[in-house]
Amino acid sequence: MNDSAPDDGWFSGVDASDLESAAAAVRDGSSEVSRDWPALAVESGFAEDHESYYDALKEATTAAARSAIESRERADDRQLVHAIRAMDDCERTANELAERLAEWAGTVDPDAGTGLEYARELASEDREAVAGEPAIRSLAERVADLGDEADDLREFVERRAPTVAPNLSALAGPILAARLVSLAGGLESLAKKPSGTIQVLGAEDALFAHLRGHAPSPKHGIIYVHDAVRGTHPDHRGSAARALAGKLAIAARVDHYSGERKPELEAELAERIETIQARTSDADLGNDDGETGADDDRGQENGGGDE
């Protein structure tokens, strides 16, 4: 640690009324040894007494923390997190209200449909059956607006994710990449997680149930939606999930620490998944020797990477 605290205290040369400079001193300064900082602050003229020093220190540390949080929230990966969460909220709310709308409209419209598309129809067309029910039409417009907002946010995520996490987006697709970053709490946090943790992100409830002894360990979390996992025979999905999680972990680290594009990760994953999926044969399914063909997941469902 660099000793950047001057001999006469943390706030040497700082005007006590200059909160920004005081916050910068707290944020950037460091010292390997503890000293009588209040006394040094008084001696240097920064504070009149110990009490005023601690008051100034509280204001400076609060300002430094607020600045750090604001800077973090403005980071590209945080913008991606907010966008994917807002998209999910809009989609969930729109679908829930669309169900309510269908039930309500069904009481007056014999040809009532269901889902978001029906809400958009009601919002954009003059349907005689609901002409006398402006509240139904108004709700349909709100549902349609929420659906449109979700679509706009999806487009934003699909544009932003490849710039924030190019390798992760290439391997997982922009939407899944954004969900992984969101679940981890940011790209840096995701980059620091082992592949075994990435493998079960989104399956926390099942994992905790397993740890309590009430359920088997989960083989995968949200990465199940990836074709590499979903497109693999159930007997081998654990292996596919481990292989995918291993490459995603590498991709996240590269994206966070260097940002260098590494297309070889995609080729390596494709080769590994092809090998795993090739296990599904008559022999694997037990036609030859009565074996069940279950993959090597026994006791390893919550394992690490594919290597």
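Biologist: What covers the buried residues of helix 5?

Modeller: Keep in mind that this is a predicted model. The cover over the buried residues of helix 5 includes helix 4 and helix 6.

Biologist: And which residues of helix 5 are buried?

Modeller: Helix 5 spans residues 115-124. Its buried residues are L116, Y118, A119, R120, L122 and A123.

Biologist: Take helix 6. At what angle do the axes of helix 5 and helix 6 cross?

Modeller: Roughly 125°, and the axes come within 8 Å.

Biologist: Left-handed or right-handed crossing?

Modeller: The crossing of helix 5 and helix 6 is left-handed.

Biologist: Which residues meet there?

Modeller: Helix 5 brings L116, A119, R120, L122 and A123. On helix 6 they meet I136, R137, A140, E141, V143, A144, G147, D148 and D151. By class, this contact has eight nonpolar, one polar and five charged residues.

Biologist: Switching topic. How do helix 4 and helix 8 pack?

Modeller: Their axes are 9 Å apart, at an angle of about 105°. The range from 65 to 115 degrees counts as roughly perpendicular, so helix 4 is roughly perpendicular to helix 8.

Biologist: Who makes that contact?

Modeller: From helix 4, D77, L80, V81, I84, R85, M87 and D88. From helix 8, I175, A178, R179, V181 and S182. They divide into seven nonpolar, one polar and four charged.

Biologist: Now the core. How many residues has the largest nonpolar core?

Modeller: It has 44. Those with the most contacts inside it are V157, L168, L180, L190, I223, L248 and I273.

Biologist: Which elements give two or more residues to it?

Modeller: Helix 4 (76-105), helix 6 (134-164), helix 7 (166-172), helix 8 (174-184), helix 9 (187-191), helix 12 (227-230), helix 13 (237-257) and helix 14 (264-277). Helix 13 gives the largest share, nine residues.

Biologist: Zoom in on L248. What is it in contact with, leaving aside neighbours within four places in sequence?

Modeller: L248 is in contact with L168, L171, A172, L180, I198 and I223.

Note on methods:
Residues are numbered from 1 along each chain as its sequence is written. This is a predicted model: local features need pLDDT of at least 70, side-chain atom pairs count only at pLDDT 80 or more; totals for chains, interfaces and linings use all residues. Side-chain values use heavy atoms; hydrogens and water are left out. A nonpolar core is a set of buried Ala, Val, Leu, Ile, Met, Phe, Trp, Tyr and Cys residues joined through side-chain atoms within 4.5 Å. Buried means under 20% relative accessible area, exposed over 50%, partly exposed in between (1.4 Å probe, protein chains only). Helices (H or I, at least four residues) and strands (E, at least two) are DSSP runs, numbered from the N terminus. Contact means heavy atoms within 4.5 Å. Axes are lines fitted to C-alpha atoms, for helices over the stretch in contact, and angles run from 0 to 180 degrees between N-to-C directions. A crossing is left-handed if the near helix is turned anticlockwise from the far one by less than a right angle, and right-handed if clockwise. Ala, Val, Leu, Ile, Met, Phe, Trp, Tyr, Cys and Pro count as nonpolar, Asp, Glu, Lys and Arg as charged, and the others, Gly among them, as polar. Angles under 35 degrees count as roughly parallel, over 145 as roughly antiparallel, 65 to 115 as roughly perpendicular and the rest as oblique.
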